[in-house]
Amino acid sequence: MNIHEFQAKDILRAEGVPIPAGEIATTPEQAEAIAKKFGGMVVVKAQVHAGGRGKAGGVKLAKTPEEAKEVAGKILGMQIKGLTVYTVLVTAVADIATEAYVGIILDRATRKPVFMVSPAGGIDIEEVAATTPEKILKMPIDTRYGLQPYQASELGFFLFDDIKKVRQASKIMMSLYQAFMKNGASLAEINPLVVTPAGEVLALDAKISIDDNELDRHPELEALRDETAEEPSEVDARNSHLTFIKLEGDVGCVVNGAGLAMATMDLVKYYGGEPANFLDIGGSSNPEKVVNALRIITADPSVKAILFNIFGGITRTDDVANGIVTATKANPLTIPIVIRLTGTNEEIALKILADNGFSASSDMDEAVQKAVALAKGGKAA
Ligand code: GDP
Ligand code: MN
């Protein structure tokens, strides 16, 4: 789960990271009032779950409260990477001498949190990673011992020469690590970590992603969820207890089991297609899940064909067949559907489908090829 910059900053502030004061606004007038309160220049920042806001025009300096109102009016309602801005953060401005990058990600290869720091931070960090990787220090952390002070110093010295700045940076590394571990994060990032002309080290931006599996034991983090900032189909799927991830392709996949869902997506690609989603209806026998799955998939205009791939075990294929019939009676399909099912109650399922005008096969390769061809607007092989 992604959270907004202002929420990530609250978490980091609580761990002692120095961050300029800020408040959120949903109208230009509120932004103006906050700017008045801060009594000077402010930065108005779009709150969306996307990076690169600066380059997209979603981060703007305002010299007066009137200007803050004007700028907020422009940023609110703006689209950044397909996401609408409903909230801005109005924050006291900081003078910048240099910008560094500090981040922790959970690295699956080493199965450790890995610090990544670079003195060349700011809005071009991706460029730095691609062209001058030697400017980035990576340090895996053993979670049995946590970040040790000598490691925090090493990270600090990679960023700065001056001991005063190194000390401030090292302290911030310790706080960032605490925030990362306490909150079950999969990513925690400060970019830029700036040095002011007076030599103060401050975090001006923050990004934290929470591992979804941690949310059950962190209701206070689940409460930070902003559904208006999330992909609508993913919100619907979560509320319907389906595991769903929207992808870029046009073959809508409904599958039971995560492993089979992965194998199905692989096969769609193998036969030259692109999956429109990952969707796991789970192992239970519940026609309602099928109805919800079809609703979510058909709501996506980029889906050109639907592929059901069900391996009946605990999941009864007749339940899935009933779900398909119920869902399509209520909302007749306007795109082709290909059904592959095999396993528990297969005979009954095939009869239910045949009685309702659907054909189904038990061959996975055949079904996937057919769905890929139909999505391309061609005839089924
Ligand atoms: P991002 O583009 O989504 O990563 O948004 P950031 O919050 O990182 O802002 C982008 C850039 O705006 C930063 O790298 C800074 O150069 C600049 N910026 C952000 N806040 C301030 C500030 O308080 N003062 C100044 N001078 N620049 C800022
Ligand atoms: Mn940033």
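Me: Which residues are closest to ligand 1, and how many surround it?

Reply: This is a predicted model. In this model 16 residues surround ligand 1, and the closest are K45, R53, G54, A94 and E99.

Me: What polar atoms lie 2.5 Å, 2.7 Å and 2.8 Å from oxygen atoms of ligand 1?

Reply: A polar contact is a pair of N or O atoms within 3.5 Å. For K45, a polar side-chain atom is 2.5 Å from an oxygen atom of ligand 1. E99 also contributes a polar side-chain atom, at 2.7 Å from a ligand 1 oxygen. G54 takes part through its backbone: a polar backbone atom there is 2.8 Å from an oxygen atom of ligand 1.

Me: How much of ligand 1 does the protein bury?

Reply: Compare the area of the ligand taken alone with the part that the protein buries. Ligand 1 alone exposes 560 Å², and 82% of that is buried by the protein. The space that ligand 1 takes is the largest pocket.

Me: Which elements give two or more residues to the shell around ligand 1?

Reply: Strands β2 (42-46) and β10 (185-195) do. By residue class, the shell around ligand 1 holds eight nonpolar, four polar and four charged residues.

Me: Turning to helices, how should I read the direction in which residues point?

Reply: An α-helix has 3.6 residues a turn, so residues three or four places apart point the same way. As a case to look at, take helix α1, residues 5-14.

Me: Is α1 mostly covered or mostly uncovered?

Reply: Helix α1 is mostly covered, with seven of its ten residues buried. Those buried residues are E5, F6, Q7, A8, K9, I11 and L12.

Me: Where is S233, and why does it count as buried?

Reply: S233 is in helix α8, residues 232-239. Buried means under 20% relative accessible area. S233 has 14% relative accessibility, so this residue counts as buried.

Me: What are the overall figures for the protein?

Reply: The protein has 381 residues, of which 50% are buried. Its secondary structure comes to 13 helices and 18 strands. Along the principal axes, the C-alpha atoms fill a box of roughly 80 × 50 × 40 Å.

Conventions:
Residues are numbered from 1 along each chain as its sequence is written. Chains are lettered from A and ligands numbered from 1 in the order in which they are written. This is a predicted model: local features need pLDDT of at least 70, side-chain atom pairs count only at pLDDT 80 or more; totals for chains, interfaces and linings use all residues. Side-chain values use heavy atoms; hydrogens and water are left out. Buried means under 20% relative accessible area, exposed over 50%, partly exposed in between (1.4 Å probe, protein chains only). Helices (H or I, at least four residues) and strands (E, at least two) are DSSP runs, numbered from the N terminus. A residue is near a molecule or strand if one of its heavy atoms lies within 4 Å of it. A polar contact is a pair of N or O atoms within 3.5 Å; within protein, one must be able to donate a hydrogen and the other to accept it, and residues adjacent in sequence count only if both atoms are side-chain atoms. Accessible areas come from the Shrake-Rupley method with a 1.4 Å probe; for residues, only the protein chains shown count as cover. On a 1 Å grid over the protein atoms alone, a cavity is a set of points where a 1.4 Å probe fits but cannot get out, and a pocket is an open set with protein on both sides within 12 Å along at least five of seven lines; lining residues have an atom within 4 Å of a point. A molecule sits in a cavity or pocket if more than half of its atoms lie within 2 Å of its grid points. Ala, Val, Leu, Ile, Met, Phe, Trp, Tyr, Cys and Pro count as nonpolar, Asp, Glu, Lys and Arg as charged, and the others, Gly among them, as polar.
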